[in-house]
Amino acid sequence: MTLSSLFSHELDFIDDDEFHEECGVVGIWTTQDAASLTALGLHALQHRGQEASGIVTYDGNQFHTHRGLGLVGEVFDDPRVIASLPGGMGIGHNRYATTGETQLRNVQPLYGDFEFGGFAVAHNGNLTNAQLLKQSLVRRGCLFQSSTDSEVFIHLIAISLYSNVIDRFIDAIKQVQGAYSLVALSKDMLIAARDPLGVRPLILGKLPYSQDENSWVVASETCALSSMGADFVRDIEPGEVIIIDHDGVRSIHPFADNTSSRFCIFEYVYFARPDSVIENKSVYMARKKIGAELAKESHVEADVVVPVPDSGVPAAIGYAEASNIPFELGIIRSHYIGRTFIEPTDQIRNLGVKLKHATNRAVINGKRVILIDDSIVRGTTSKKIVEMVRAAGAIEVHLRIASPPTQHSCFYGIDTPAEEKLLAHTHSIDEMCKLIGADSLGFVSADGLYRALQEDKRNNQNPQYCDACFTGDYPIPLTDHDMQLVKSK
Ligand code: SF4
């Protein structure tokens, strides 16, 4: 047992006022060392899920699996674990639990033995008709091993009447609704697929140093490619299924009406790593532009622009540049408290934000401060940070948010509280400002956000994004929710 696992009381309470990223996926075809490369990719995608991690490999004869609770570095810290995953093909998954509890049985990749052989699946996103499908599958005799929505893929593939793996896979994805970026591994191929609206990201890369010309990577974000020295090839398109086998890469578009993309706009605001590139746009540059739009839309006289780290940093740089107000690191974030031996008592719970953030009095004292954050969920963190900045001597605190007010829950793979727990759902901006204790509060508008991403004003034309958590315009039916088959948090 490692020291970190001995002291593994995670400070969940610190993060219960943040959105949680969903999951990260990686697939490798084919090198000598798929497990190590998959682990490197998962490590780069750690921001997308910190609760659990897993890898499945195939060595030409049999599949090998290792899954565990914790960070990638903890689950795969022992070199013997990687050594127990031989083979040139592999898929991996980082999990943040959007459905299903955090238990080992819910950790992906999920694996099943089918009549055609072994098959493993890793899923990023959330299905909106999983409960309905599950009810019908259970009636047909399917025995579910986990409580994650992703397991419906395994059962739909198992009961499909088609004979080959690809046809079964396509049969399965045609029955599900919701957001999915999938990687799957059979003994003959690596499969990657995005839902028809491409809500979650998925990219294709190439391993240039491999002896085999036919060596490929699929991953949630380009940052995973950098970590393994791979080259970016392209985004996998919404509704596209990619098959990689010994003959190379093939592409299928099984959805005839695949006309529009509704990529999650919040990936640009917060979820994706800033060094990633999505749809040919640098996430970092997009965030700076959002900050610049925010400065234009809600200018206020002040002495210093201070980001709430880490996710508020690029937007704050953009805000500072556009407003000609100096940028300073007035809040320092501790990167070492993710796991700690401190018990989460109520007293410690109240100290949570202070453990995570500390003020840098030297640049705040006596100043009018513009604080930049990416979003407001419940508002408790914002309130504490404003208090901390005032306590460090700020004479005014103006809070600016690099996204529109989050008024609605996400059903496509981001962990958000029920609507009534979102501060912006129940309060006006003035009321929020008062509750948080800021001198003023401003959000970038939905139009400003679209301008920053260089799209025309929202006009119902392609391309658009999913912006449902700001607008309530859900682009994929919420079947389980509408049938009250899912519980609110
Ligand atoms: S609802 Fe919000 S967080 Fe969820 S996919 Fe849409 S834009 Fe992204």
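Contact, as the word is used here, means heavy atoms within 4.5 Å. This is a predicted model, in which local features need pLDDT of at least 70 and side-chain atom pairs count only at pLDDT 80 or more, while totals for chains, interfaces and linings use all residues. Residues are numbered from 1 along each chain as its sequence is written, and side-chain values use heavy atoms, with hydrogens and water left out. Phe-255 touches Ile-173, Lys-174, Tyr-180, Pro-196 and Gly-239, residues up to four places away in sequence not being counted.

**Overall architecture**

- The secondary structure comes to 20 helices and 25 strands, where helices (H or I, at least four residues) and strands (E, at least two) are DSSP runs numbered from the N terminus.
- Of the 489 residues in the protein, 58% are buried, a class that means under 20% relative accessible area with a 1.4 Å probe and protein chains only, as against exposed at over 50% and partly exposed in between.
- Among the contacts with a separation of 6 or more, 70% join residues 24 or more positions apart.
- The protein exposes about 19,800 Å², of which carbon and sulfur atoms supply 51%; accessible areas come from the Shrake-Rupley method with a 1.4 Å probe, and for residues only the protein chains shown count as cover.

**Enclosed helices**

- Helix H3 (residues 34-44) is largely enclosed by the rest of the structure, because 8 of its 11 residues are buried; these are Ala-34, Ala-35, Leu-37, Thr-38, Ala-39, Gly-41, Leu-42 and Ala-44.
- The cover over the buried residues of H3 includes strands S2 (23-29), S3 (52-58) and S5 (89-95) together with helices H4 (72-75), H5 (79-83) and H9 (223-228).
- Helix H8 (residues 165-173) is likewise largely enclosed by the rest of the structure, since 7 of its 9 residues are buried, namely Val-165, Ile-166, Arg-168, Phe-169, Ile-170, Ala-172 and Ile-173.
- Over the buried residues of H8, the cover includes helix H7 (151-159) and strands S7 (117-124), S8 (181-186), S9 (190-194), S13 (241-245) and S14.

**Individual buried residues**

- Phe-255 is found in the loop between strand S14 (248-252) and strand S15 (262-264), and it counts as buried at 12% relative accessibility.
- The C-alpha atoms of Phe-255 and Pro-238, which are 17 residues apart along the chain, are separated by 9.6 Å.
- Glu-293, placed in helix H11 (residues 283-297), is buried with a relative accessible area of 8%, and it touches Val-444, Gly-448, Arg-451 and Ala-452 when residues up to four places away in sequence are not counted.

**Strands S23 and S24**

- Strand S23 (residues 396-401) pairs with S24 in the parallel sense over 4 bridges, a pair requiring that DSSP finds at least two bridges between the strands; Arg-400 has Gly-442 in S24 as its bridge partner.
- In strand S24 (residues 440-443), Ser-440 and Gly-442 point one way and Leu-441 and Phe-443 the other way, and all are buried.

- The structure holds 4 cavities of 30 Å³ or more, a cavity being a set of points, on a 1 Å grid over the protein atoms alone, where a 1.4 Å probe fits but cannot get out, with lining residues having an atom within 4 Å of a point.
- About 110 Å³ of space lies in the largest cavity, a volume being the space filled by probe spheres set on the points.
- The largest cavity is lined by 15 residues, of which Cys-264, Cys-410, Ile-414, Cys-466 and Cys-469 lie nearest its centre.

How values were computed
On a 1 Å grid over the protein atoms alone, a cavity is a set of points where a 1.4 Å probe fits but cannot get out, and a pocket is an open set with protein on both sides within 12 Å along at least five of seven lines; lining residues have an atom within 4 Å of a point.
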